[in-house]
Structure formats: C-alpha cells, structure tokens
Amino acid sequence: MESRSFLQKIEKPVVALFLIAGGVLVSIPFLWMISSSFKQESDVLNIPPQLIPSHPTFDNYINLFLSLNFGVYLKNTLIIVFFSFIGLLLNAMAGYGFAKFKFKGKEKLFYIVLATMMIPAQVTMIPVYLLLNEMGLTNTMAGIILPGLAVAFSIFLFRQFMTTIPTDLIEAARLDGAGEFYIFFKLIIPIAKPIFAVQGILTFIGAWNSFLWPLIIANDESLYTLSVGLSLLQGQYANNYALQMAGAAFMVVPIVIIFAFFQKYIVEGFTMSGLK
Amino acid sequence: MRSIIKNANQAKHGLMFIAPAVLILVVFSIIPILIAFFISFTDLNLKGLADWSNIQFIGFENYVDLFSDELFHKSIFNTVFYVLIGVPLVIIFSLGIALLLNYGTSKLFTFFRAVYYMPSITNIIAVAVVWGYLYNTEYGLFNYLLSLLSVEKIPWLTDPTIAKLSLIILAVWKGIGINMIIFLAALQGIPKSYYEAARIDGANRIQVLFNVTIPLLRYATFFVTVTTLIGWMQFFEEPFVMTDGGPLDGTISIALFIYKNGFQFSQFGYAAAGSFILFLIIIITTLVQFKLRKSDTEY
C-alpha cells in the first residue's frame, strides 16, 4: 500500500520530466533558429557552435528588408491573408446554406463538397494551372488567390456548427422582417463566434504559410510571398546561415505569437467538431 | 400556396448562400479532375499549351510509359519507405505525447501542449531552412552534438538512404502536433467512470492503458491512421525543399515525380497520368482500411 502511494506521488513529476525533456528536444530547431539569427555571418559557422551569440547583432533582420525584398513579400503575403478571410466568409455562408435551408439536390451537392476533400493536390495542380493559363491569370495575384478561396473542410465544419443553431431563432427574425443577409451577419455570425475563431486562426496560418501555389503561379518577384522569397534566399545565400535563420524567424515568430494567444480555441475547436 | 412560396424562397436563398463557395470548388476541384483525366490520355506539353492543335490523343501510352519508367519505380519505392516508417512513428509519438499531456491540466501541461503543437503550424520553408542548417555535415548542430559523444560525422542529406530517414525525422517532428490534439480531445472525452470501474476491479496502470484507454481510442486512432496515411502517400514538401529529390533520386516521392514532370519538364499529360495512379493508390488504401475496420467491429 505504501509503495503504491509512493509511486502515485512520483508519477506526476516523472511525467512532467518526460514532457519537459521531449519539449526541449522538439524546440531545438526553434531555439537554434532564434539564436543563430542574431549571430554575425562569421560567427555562425564557428566550431564549437555558440549557444548564445558572442557579438549579438540585428543586422540580419535589417538586411532582409534592405538588401532583399522582404517588404514586398510581406505585402503580398498580407494581401493573400486578407483575401483568405473573404474566402472564410464564403465558406461560412456555404456552411449556413447547407445547414439551415431546404432545397432540391442539397444532400447531393454537400456530398460533392465532401468528395473534393479526398482529391489529392497533385491531381488538380496541373489542370488548375492550365485553367488559369487559359483565363490569363498566371503570374497575377488573382491567380494565386482564387483557387484557395473555397475550402471543403471549412464548409464542413461551419455546417456542423450551424446545424446546432435553433431554426426558431431564424424564423423569429424573419417574422420581424429581417432580410436573409441581415440575419446572417447580425444573428448567425455572433452565435458562431467560436467556430469563426478556430477557422480564423487556421485560415491565417494557412495563408501566411502559402508556398506551392504562389510558386507555381508567380513568375515575377513582385508577386512572391514570404515563403517563396525565403526559398529564393536559401538558394542565393546558401552559406549565409545567419541571414537564412533571420528570414525563417521572421516567418515563424508571428505564427508562434498568434498561436500562443489563441491555442485554447484551436483545441476546443477540435473537440467541438466531434473528431473523437 | 403560401408554403410553396416559402419553399421557393428557401431554395433561392439557400442557393444564394452556397453558390459562391460551391462554384469556386466546382471550377477549381471538380472540373480539374475531369481535365486531368482527359489530358492523361494526351501528349500535352508546352507546344500543346501554345496551340491546341498540337495535342494528340495517345490512348494509354502515358500509363504504359510510367510502368517502365525507372524513376517512377524509384519514387514508388521511396514513398512506400516513407509511409512504412513515418506513419507508425507519427501515430506512436502523437498518442504517447497525448497520454502524457492528459495527466494534468496545470499551466505546465498547457504550455507543453503548445510546444509540441508548434512544429505543425510552422512554415515548411522556414522548417527546411532551419533543418538544412541543423543537418549540415560540417557546421550543423546535430553533427557537433554527436561529435561530443565521439560519433563520426553523419552525411544527413548526402547519402540516399540516410537522407530518406532525415526527411522522415523532420516530417515526424512536424506531423505530431495535429494528431496529438485529436488524441487529446478523444482522451478528454472518455468518461471518468470507466477508469474508476477499472480501478475497483484492481487493474493496474498498464492494464488500464491497454484494456481501457487504447480500445476506447479506436475511433480517434482510425481517423488519425487514415488521414496520416493519405498525407504521407502525398509526401512532397520535405523532399521538394530539402533535397529536390536527390541525392541520386534517393528521396524523390510520387508527388514530387508528378510535380517535376508537370512544372519542370512541362510534360503535363505524363504528369496527369502519374497523378491518377497516385489517386488510385490512395483510394484503394483508404477503402481497404474502411473494410478492415468493418470486419474488426463485427467480432
């Protein structure tokens, strides 16, 4: 009996110890990135490596904007983020339409939406490129943004959430003479705030990180996103690891900060969506 | 009469709400599938793109060529290698970490939940840049740390087999987060009474884990297995940004093979045929899993 309580006593600290050790292991790339981004170009290849830079400098970050076009890449990335939020709104509308309206062929349409989730990106990549090419949208911002606006999984999650909103509430608003869009914006969106929070964060992360499609569509450097710019930097400054780490940190740190603030919603979102 | 108008209104407004998103999906997901299927039977390349009259219908030639293309064989072998090693590692690690995180709800546990989740939301290019530096044979941190234990320098990205394993390590590191969250959500959904019942019956920790917890996680495990497998069969970004398929095509995957044929060599027809074979492999694997699960629950 005594040994059992002893085991129980040390159980939690042991688990915590495991978690901390694993956590440090998982964080090594992040810590190394941050530390190296403040090193001078000559220090970054030192053996033994310095954990804490001996001559800390901010030059690498300044160089991203002065010698490289990170300002342009940042602007493009933010444009994509903005339009992905419009896409989010379209997905929410579609989710609402599937959840709260009755019309012929609705089930079939919804199954088609679900089916698109199973199509691998590699299959649609080439035809979508050919389509955009026919529309004259290659090497344009519209070509980068358009294909990503609608996301089947997002429509699905919005629908799941919005079916739980009582129909009586919507009917009551209709009887009061409210228009359909007024109901959607003033009644439905406030109720659906939790799912908007989750989807909003995931949309931001996805748009901020967008790489492959901008790479395929954009030929001009003026259309590059941060990811595409960073991969360009990796090719051009193959041995300047300090500069590379600064570029990487510039991409990663904003996401880490946003995630740190909103992680509660993401975890709740997965519980909410019934994925258990 | 009134109800007819009401129904018509319902239909009109409903369609109005779903139209924009569904239209985009149809144009950029459904129609492309049909186009891909069609062009996989043609010799579409840059010439054909410039002038459609250059496109020729060549029947199954692309598919026949693929079966004798050694690079395609290699990409299939590599993809199988990635899946067989990577998928079990992702499942074991994400389940293990979820079990540990489920022990407590204090600040410490929430903090580490965020730490383990972080790699999965990190930009793949940033990841590639950072890991490329860590993996550097001469100046990388990994080889330095190993040299402290007097281990010889490991050619992380310059030996075909080791490079595959290096990419798997990176992808597992990046793949744990989301699956860990799914397991964690499932763990928190298990009623406490089950554990109490097991304790009253005198089951120890290990017995509870294997006879109560893990069986109750079977839906989450199934979901994670299916989605992880689908994801790893499309293994693409890691070899694309870290090794570009090299050395000696040692890390090229099916998805990368398709991309290279499509966008580097402009063999759109050939690449489309490759993408349909990948699609077919994914559908068959997924169907087999659903089949296996059905027979599993019947007993």
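This is a predicted model: local features need pLDDT of at least 70, side-chain atom pairs count only at pLDDT 80 or more; totals for chains, interfaces and linings use all residues.
Chains A and B meet through 75 residues of chain A and 72 of chain B, and the largest nonpolar core holds 152 residues.

**Confidence**
- Chain B has an average pLDDT of 86, with 97% of the residues at 70 or above.
- Within chain B, the highest mean pLDDT among the elements, 93, goes to helix 4 (residues 70-101), while helix 2 (residues 46-50) has the lowest at 77.

**Where the chains meet**
- On the chain B side of the contact with chain A, helix 1 (residues 2-39) gives the largest share, 19 residues.
- Sorted by class, that side of chain B has 60 nonpolar and 12 polar residues, and no charged ones.
- B:Ala21 shows what a cross-chain neighbourhood looks like here: apart from its neighbours within four places in sequence, it is in contact with A:Leu90, A:Asn91, A:Met93, A:Ala94, A:Ala150 and A:Ile155.

**The largest nonpolar core**
- Four of the 152 core residues touch the most other members: A:Ala248, B:Ala21, B:Val130 and B:Phe183.
- Helix 8 (residues 160-188) of chain B supplies the largest share of this core, with 14 residues.
- The core lies between domain 1 (2-59) and domain 2 (68-236) of chain A, because both domains give residues to it.

**Domains and annotations of chain A**
- An unreviewed UniProt entry puts "domain: ABC transmembrane type-1" at residues 73-262 of chain A. That span is 76% helix and 0% strand, and its end C-alpha atoms are 25 Å apart.
- UniProt (unreviewed entry) also lists "transmembrane region" for chain A at residues 14-34, 78-98, 110-132, 138-158, 195-216 and 241-262.
- In the model, residues 14-34 of chain A are 100% helix and 0% strand, with 29 Å between the end C-alpha atoms.
- Residues 78-98 of chain A also come out as 100% helix and 0% strand, and here the end C-alpha atoms are 30 Å apart.

**The annotated domain of chain B**
- For chain B, UniProt (unreviewed entry) gives "domain: ABC transmembrane type-1" at residues 76-289.
- Those residues of chain B are 77% helix and 0% strand, and their end C-alpha atoms lie 20 Å apart.

**Around helix 12 of chain A**
- Helix 12 (residues 226-236) of chain A is mostly covered, with 8 of its 11 residues buried. Among the buried ones are A:Leu226, A:Val228, A:Leu230 and A:Leu233, along with A:Ser227 and A:Gln234.
- A:Ala218 sits in the loop between helix 11 (212-217) and helix 12 of chain A. It is buried because 20 other C-beta atoms lie within 10 Å.
- Leaving out neighbours within four places in sequence, A:Ala218 touches A:Asn139, A:Ile144, A:Leu223, A:Tyr224 and A:Val228.
- A:Ala218 and A:Ala249 are 31 residues apart along the chain, and 24 Å separate their C-alpha atoms.

**Two positive phi angles**
- Most residues other than glycine have a negative phi, but the next two go the other way.
- A:Asn139, not a glycine, has a positive phi near 60°. Its place is the loop between helix 5 (121-134) and helix 6 (141-145) of chain A, and it counts as partly exposed because it has 15 C-beta neighbours inside 10 Å.
- B:Asp249, also not a glycine, has a positive phi of about 60°. This residue lies in the loop between helix 12 (237-242) and helix 13 (254-264) of chain B.

**An exposed position in chain B**
- B:Leu287 belongs to helix 14 (residues 268-298) of chain B. It has 10 C-beta neighbours inside 10 Å, so it counts as exposed.
- B:Leu287 and B:Asn179 are 108 residues apart along the chain, with 21 Å between their C-alpha atoms.

Terms used:
Residues are numbered from 1 along each chain as its sequence is written. Chains are lettered from A and ligands numbered from 1 in the order in which they are written. A nonpolar core is a set of buried Ala, Val, Leu, Ile, Met, Phe, Trp, Tyr and Cys residues joined through C-beta atoms within 7 Å. A residue is buried if 20 or more other C-beta atoms lie within 10 Å of its own, exposed if 12 or fewer, and partly exposed in between; C-beta atoms are placed from the backbone. Helices (H or I, at least four residues) and strands (E, at least two) are DSSP runs, numbered from the N terminus. Domain bounds come from an automatic or database domain assignment. Two residues are in contact if their C-beta atoms, placed from the backbone, lie within 7 Å. UniProt positions are given in the numbering used here, feature names are shortened, and annotations may be inferred rather than shown by experiment. Ala, Val, Leu, Ile, Met, Phe, Trp, Tyr, Cys and Pro count as nonpolar, Asp, Glu, Lys and Arg as charged, and the others, Gly among them, as polar. pLDDT is the predictor's confidence in each residue, from 0 to 100.
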